[in-house]
Amino acid sequence: MTVKTDNYLMCINGEWVGDELGTLNVTNPANGEIVGTVPNGGEKEADLAVAAAHDAFASWSELTAHDRAGYLQKLNQLMLEHQEELAQIMTIEMGKPIKESRGEVNYAASFIEWFAEEGKRIYGETIPTHKDGKRLQVWKKPVGVVAAITPWNFPAAMLTRKMGPALAAGCTVVMKPSGESPLTAVKLMELCEKAGFPKGVVNLVTGSSSKIAGAIMANDKVRKITFTGSTEVGKVLIRQSADQVKNLSLELGGHAPLVVLDDADVDLAVKGAVASKFRNAGQTCICANRIYVQEGVYDAFNDKLAKAVEALKVGDGTDETVDVGPLINQDGLDKVSRHMQDAVSKGANVVTGGEPVTDGKGVFYQPTVVKDVDESMVVMQEETFGPVAPVQKITSDEEAAKLANDTPYGLAAYVFTENVARGTKLIEKLDFGIVGWNDGAPSAPQVPFGGMKESGIGREGGHEGIDAFIESQYVSIGME
Ligand code: SIN
């Protein structure tokens, strides 16, 4: 399938608008070609979208949960029917290998499906009274207009993990996708229209992130911000939300440790490390960013990991056989190079890879394994967001826990051990919201996703994922 380059529009109150605004180019990082444009919207468009969502809120929230689920089920079905189109767009706008893009469309649709059903299970409570003639109840209300601000690395799934529960709960939504990968969001918006959502229930604005976010944060009709992105931006949103005490859910940066103890199944650990580290060219918040391997299996692990990594094919994600695509842009590539140069200058040894790919116009980095790293190196201190697996030798479970927790982040961690007692005791010590035990791919729609410490506030997915969009209203009923 070839996807035609197009000038896409944004959608406010059921109208496709933005033709008169300037445009922003969307560039394929695999070859530098422009694959589409979106309107360069700003404060005005953000305010119009919020007004539309606000107007639509009363009637949408008054529908039954079963009726709202009907719209979401239709959207799920349309996403699956349009899987290939969505996947192709995703790959050309941000570089993800096509097989991963297809997987992401399924993953994204699974949030819509899950929350369509979960919306039917928003239960209130009746609480035993302390006085005759009183009844005590807790009712549940949708929080109101929601702004969903999403990153470029999962252009479909990060939107649906937010809009699915928001819509199911009775909220209306303004979506603001990343400027690096907004085209998938436009296609999703088209599918929302096809699914028949009433005007204003879902809106999409594209353009300047700072202007749109600024307007959203200043607008008191927006009651909830749900954001996935960097910890740095998350902290700005926390500050900006203070004046209106806006409700916030934040899924922020990670710096995931992957621990391999000496009783691990080394082949399984290598498989898990490759799945976690090289998915999306290492550009996921939960990807293993630092690997700690106990001395007894250190050499075997490095040898096997290097072999597995050398088998990965790098290239343009539209090629069906490619496993690792480009970085998102030159800044992303420069960061990876900086981390590697720092590590090597401080004594780390490259096992495989270790260089940018310089032929062609894309921004690629060789899938890399680098060993003999230590905590003085930037690669073990900051999120690299690239296809680099740094491996540090450790001696004990205590050292693993100490090094793993020695970070302000707490999103995901991975532990490989065949010993249940060791695994349990180690994981009990880890301050991370998600742990993969002998598993490099823990994500699923029915489980909570989110971080501790500076990795965020709240959880998406699972039954907790809908709590973020509802508020309790305690009603004390006098009956005398
Ligand atoms: C992310 O880490 O950026 C999202 C990945 C996921 O949902 O698995």
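This report covers the ligand site and the cavities of the structure above.

The model is predicted.

**The ligand and its neighbours**

Eleven names make up the surroundings of the ligand: Y107, N153, F154, M158, R161, R279, T284, C285, I286, S443 and F449. Sorted by class, this shell holds six nonpolar, three polar and two charged residues.

The table lists the distances.

| Residue | Distance from a side-chain N or O atom to an oxygen atom of the ligand |
|---|---|
| N153 | 3.2 Å |
| R161 | 2.9 Å |
| S443 | 2.5 Å |

How much of the ligand's accessible area does the protein cover? On its own, the ligand has 260 Å² of accessible area, and the protein covers 100% of that area.

**The largest cavity**

The structure holds four cavities of 30 Å³ or more. The largest cavity has a volume of about 80 Å³. Its lining consists of 13 residues. Among these, F154, M158, R161, E251 and F449 are the closest to the centre of the cavity. The lining splits by class into six nonpolar, four polar and three charged residues.

What takes up the space of the largest cavity? The ligand does. F154, M158, R161 and F449 also belong to the residues around the ligand.

Which residues line the second largest cavity? They are R290, Y292, E375, M380, Q381, L403 and D406. By class, this lining has three nonpolar residues, one polar residue and three charged residues.

**In brief**

The side chains of N153, R161 and S443 each bring an N or O atom to an oxygen atom of the ligand at the distances in the table.

Methods
Residues numbered from 1 in each chain as written. Predicted model: local features only at pLDDT ≥ 70, side-chain atom pairs only at ≥ 80, totals over all residues. Heavy atoms only, no water. Near = heavy atom within 4 Å. Polar contact = N/O pair within 3.5 Å; in protein donor to acceptor, adjacent residues only side chain to side chain. Areas by Shrake-Rupley, 256 points an atom, 1.4 Å probe, with all protein chains shown as cover. 1 Å grid on protein atoms, 1.4 Å probe; cavity = no way out; pocket = protein on both sides within 12 Å on 5 of 7 lines; lining within 4 Å. Sits in = over half its atoms within 2 Å of the grid points. Nonpolar A, V, L, I, M, F, W, Y, C, P; charged D, E, K, R; others polar. Points joined across faces, edges and corners; volume = space filled by probe spheres on them.
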